[in-house]
Amino acid sequence: MDRLEHVPPEAISRTLPLLKEAPAVPDTTRGYLDLLGPVDREPPGPIQAAWESTAGAAVYDTAQRLTRKVFLSLRPPMSVLRVPDGGLTLDVGSGPGDITAELGRAVGPRGLALGVDISESMLERAVRDHGAPNVGFLRADATRLPFHDGTFAAVTCLAVLQLIPRPLDVVAELVRVLTPGGRLAIMVPSPRGRLTTRIGKLITDSPAGLVLLGAEELAESLHAAGAGTVHTRQAALVLHALAVKRGSRQLSVS
């Protein structure tokens, strides 16, 4: 079946009206909507480039299984997002799709949970393991999210910003696509204390490609982007941020 004959998965068909510029012929031949294709972009850091490779994705999958209990304990509970039944939700930097699938369960069959990533190998595994009528995946650039303003009732971005060369550009986009009153959960590794701050600076200044954000910098960028309320919490070397966009309107889908 060629691209012209390919029928998009149900979740992607429901996604197309949410896009600022929907493609005339959506490329969904791999199960996800590819909005990038073979485009030039800023080179990722070595760590992100490794995760984007097929071999790196396999290593990541193994590491995730070994550390699943740890990450579950660090991850913010879904209840803090107050995801409405039938709502629209987005997971940016969705990787293998676990969080996106959890959002899908939270919104129920009338809702829609979308995962955005730039890694083809990650997206292929996410579609294989978690694709559903109300769970879909897109290949897109997090610094230029393809959605209309005020689309999603809840957005997550967990353990991703440190891999992106311009993370504050992503923060602005995360808030932009939230509905007024919508909630955003961010989790990033962040140094704490004199020793870990020094280590963090060494990592940031190294060629590893990591960008570490502090609580004050992240909160300031969230407020500047339109968040009316921002709560930050440091747990060991992990920084959590929960932001609520100014306003009170929520979107749902039927």
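Which residues of helix 6 are buried? They are Pro167, Val170, Val171, Glu173, Leu174, Val175 and Arg176, where buried means under 20% relative accessible area with a 1.4 Å probe and protein chains only. Helix 6 spans residues 167–176, and seven of its 10 residues are buried, so the helix is largely enclosed by the rest of the structure. Helices here are DSSP runs of H or I with at least four residues and strands are runs of E with at least two, numbered from the N terminus.

Before going further, a word on the model: it is predicted, so local features need pLDDT of at least 70 and side-chain atom pairs count only at pLDDT 80 or more, while totals for chains, interfaces and linings use all residues. Residues are numbered from 1 along each chain as its sequence is written, and side-chain values use heavy atoms, with hydrogens and water left out.

A contact means heavy atoms within 4.5 Å.

Strand 2 holds Asp91, which counts as buried at 3% relative accessibility. Leaving aside residues up to four places away in sequence, Asp91 touches Ile99, Thr100, Leu103, Leu114, Gly115, Val116 and Thr156. The side chains of Asp91 and Thr156 are also joined by a polar contact of 2.8 Å.

Finally, confidence: pLDDT, the predictor's confidence in each residue from 0 to 100, has a mean of 80 for the protein, with 72% of residues at 70 or more. It stays under 50 over residues 193–209. Where pLDDT is low, the predicted coordinates should not be read in detail.

Terms used
Buried < 20%, exposed > 50% of the residue type's maximum accessible area, 1.4 Å probe, protein only. Polar contact = N/O pair within 3.5 Å; in protein donor to acceptor, adjacent residues only side chain to side chain.
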